[in-house]
Amino acid sequence: MSTRKGGDGRLTAALDPQDQGPQDACGVFGVWAPGEDVAKLTYYGLYALQHRGQESAGIAVSNGRQILVYKDMGLVSQVFDESTLDALQGHVAIGHSRYSTTGASTWHNAQPTFHPTAHGSIALAHNGNLINTAELAEMVRDRSVLDGELDLKVHRPEQNSTNDTSVVTALLADHPDTTVEERAVELLPQVRGAFSFVWMTEDTLYAARDPQGIRPLVLGRLERGWVVASETAALDIVGASFIREIEPGELVAVDADGLRSRTFAEPAPKHCLFEFVYLARPDTVMTGKRMHSVRVEIGRRLAKTFPVDADLVIPVPESGTPAAIGYAEASGIPYGTGLVKNSYVGRTFIQPSQTIRQLGIRLKLNPLRDVIEGKKLVVVDDSIVRGNTQRALVRMLREAGAREVHVRISSPPVKWPCFYGIDFATRAELIGNGLTVDEICRSIDADSLGYIDLDDLIDATAVPKDDLCRACFDGVYPIDLPDSTHLGKDVLEIQRSAPSSPPVATTTDVDGLAASLAGGGAADALRRP
């Protein structure tokens with residue numbers, strides 16, 4: 001099993017595995033469109049969703065008789081080329097760009113997953129993370145025992161897969177006496193956690209969103225078909241018109257008879273607040289609001305709450321840009337470009353040499369000395385996780401001649417890990433959990449530090465507080481978490497490697513040393529300080 005850690009395509013992750021930012025959720029895309037080149041539509045849809053996952057990519061296509069799946073490790077543009085896409089012919093397709101939240105980052109865990117059924121096949125892609133994966137895996141094993149006279153391949157996940165998606169695919173595929181749709185209505189209420197599923201049979205496209213609607217999922221219309229995607233930006237790139245969001249607890253199916261919808265669970269909306277801060281593209285619309293506008297408003301509120309006498313407002317590109325625009329607008333301080341980002345530095349498996357590692361953040365960001373020298377700066381960023389990146393950034397700006405560096409953050413301190421599709425650091429590594437704001441300010445060597453207040457952030461989204469998941473900021477998890485031994489990224493690997501012994505996972509502590517931690521790093525999330 002591979003133990004290498006992927007980067008997030010931003011800041012210093014490719015240079016310093018101990019300073020990765022919040023890892024994105026995944027991106028899903030599906031299209032039903034006879035007469036269209038659905039493989040290329042899916043490719044471009046995934047390209048628009050690349051920011052949500054950079055570890056692997058895959059596309060499944062059906063021509064009405066069989067499903068063909070092609071997937072591999074790497075970025076969308078690395079996995080697919082013209083000849084590969086030309087070979088994927090059909091009228092229905094789904095696609096996935098992955099960051100692993102359950103299961104290792106290996107080819108076997110790349111998506112879409114595929115599973116034969118008694119009457120055909122299923123391919124499935126998943127954005128989110130389930131919290132009862134161990135329970136669902138037990139259901140797969142129980143069904144395999146009960147139906148032992150049948151081909152076990154129909155009833156269990158792929159032998160080497162260790163992700164929650166493969167488990168759900170196996171359970172969906174087990175429907176000998178009913179349709180896939182009826183099986184989904186029966187199964188989905190038993191699936192707990194965050195999920196935006198997009199799956200397909202040979203002739204039908206399906207999409208479903210968990211009752212809390214934690215992860216986004218939208219519906220779009222083509223002239224000759226329908227599209228579902230994680231974000232509206234993916235609809236834009238393929239020329240689909242935005243119809244609406246898939247509702248929490250809703251199942252949608254598209255086939256030759258058209259589009260139909262049904263509710264499989266009572267909706268209880270808890271949209272992820274961090275999508276508004278960081279995950280979603282700024283040109284995406286969620287809950288009726290464009291993310292760019294929300295982030296500009298967050299910046300305005302930061303300026304009112306944390307004013308400062310400064311000469312220039314600069315963002316940490318690209319995620320800090322909208323909030324920096326808002327800060328400059330509300331404060332009257334000029335907005336400028338003080339940092340240049342190398343747009344072509346993304347995820348890499350190449351381990352940097354010590355010489356390159358010492359350059360640190362400069363591989364991705366370089367200061368414009370002529371702009372910042374002698375200036376009092378306001379530097380706007382989206383979040384602080386461990387603090388290493390901001391510490392290096394402040395030092396770099398001072399070395400470039402900045403007179404003062406005032407840091408403003410467009411999210412509250414991140415104090416709790418996420419179990420619904422974002423891979424933060426463990427609680428012990430989150431700087432906001434162990435230090436006060438003043439202590440963090442001293443730690444990163446800033447002249448001042450200000451975080452947006454949680455209530456101000458919520459007000460900026462225009463979404464009622466009770467309809468948002470705020471767990472990473474306030475520790476209130478909207479879906480009750482199981483015992484910590486059933487949580488964590490490696491829950492299925494743990495079960496598979498030592499089924500008769502207590503689950504123990506190996507993670508990495510703040511200094512990069514191996515540390516044993518029950519439940520793959522989950523136990524500390526269930527205890528308050």
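Predicted model: local features only at pLDDT ≥ 70, side-chain atom pairs only at ≥ 80, totals over all residues.
User: How confident is the predictor in the protein chain, and which residues have pLDDT under 50?

Analyst: The protein chain has an average pLDDT of 83, and 78% of the residues score at least 70. Residues 148–161 stay under 50, and the model has 36 contacts for them beyond four places in sequence. Residues 489–529 are also below 50, with 98 contacts in the model beyond near neighbours in sequence.

User: Why is aspartate 309 called exposed?

Analyst: The cut-off for exposed is over 50% relative accessible area. Aspartate 309 has 57% relative accessibility and therefore counts as exposed.

User: Why is lysine 376 called buried?

Analyst: Buried requires under 20% relative accessible area. Lysine 376 has 12% relative accessibility, so the residue counts as buried.

User: What makes the contact of aspartate 309 with lysine 376 a salt bridge?

Analyst: The criterion is a side-chain nitrogen of Lys or Arg within 4 Å of a carboxyl oxygen of Asp or Glu. The N to O value for aspartate 309 and lysine 376 is 3.0 Å, so the pair qualifies. Aspartate 309 lies in the loop between α9 (291–305) and β17 (312–315), and lysine 376 in strand β20 (residues 376–381), so the pair ties together parts that are 67 residues apart in sequence.

User: How do you know that glutamate 182 and arginine 262 form a salt bridge, and which parts of the chain does the pair link?

Analyst: The closest N and O atoms of glutamate 182 and arginine 262 are 2.9 Å apart; the limit is 4 Å, so the pair counts as a salt bridge. The pair links distant parts of the chain, with glutamate 182 in helix α6 (residues 180–187) and arginine 262 in strand β13, 80 residues apart.

User: Why are glutamate 182 and arginine 262 called partly exposed?

Analyst: Partly exposed covers values between the buried limit of 20% and the exposed limit of 50%. Glutamate 182 has a relative accessible area of 36% and arginine 262 has 29%, so both residues receive that label.

User: How many salt bridges does a search of the whole structure find?

Analyst: The search finds 25 salt bridges.

User: How do you know that strand β12 is mostly covered, and which way do its residues point?

Analyst: In β12 (residues 250–255), 6 of its 6 residues are buried. Glu250, Val252 and Val254 point one way, whereas Leu251, Ala253 and Asp255 point the other way. In a regular strand, side chains alternate between the two faces of the sheet.

User: Why are β8 and β13 said to pair with β12?

Analyst: Pairing needs at least two bridges. Strand β8 (residues 205–209) and β12 have 4 bridges, and β12 and β13 (residues 258–263) have 6, so each pair qualifies. The sense is antiparallel for β8 with β12 and for β12 with β13. Valine 252 in β12 stands opposite alanine 207 and opposite serine 261 in β13. A hairpin joins β12 to β13 through 2 residues.

Methods: Residues numbered from 1 in each chain as written. Heavy atoms only, no water. Buried < 20%, exposed > 50% of the residue type's maximum accessible area, 1.4 Å probe, protein only. pLDDT = per-residue confidence, 0-100. Contact = heavy atoms within 4.5 Å.
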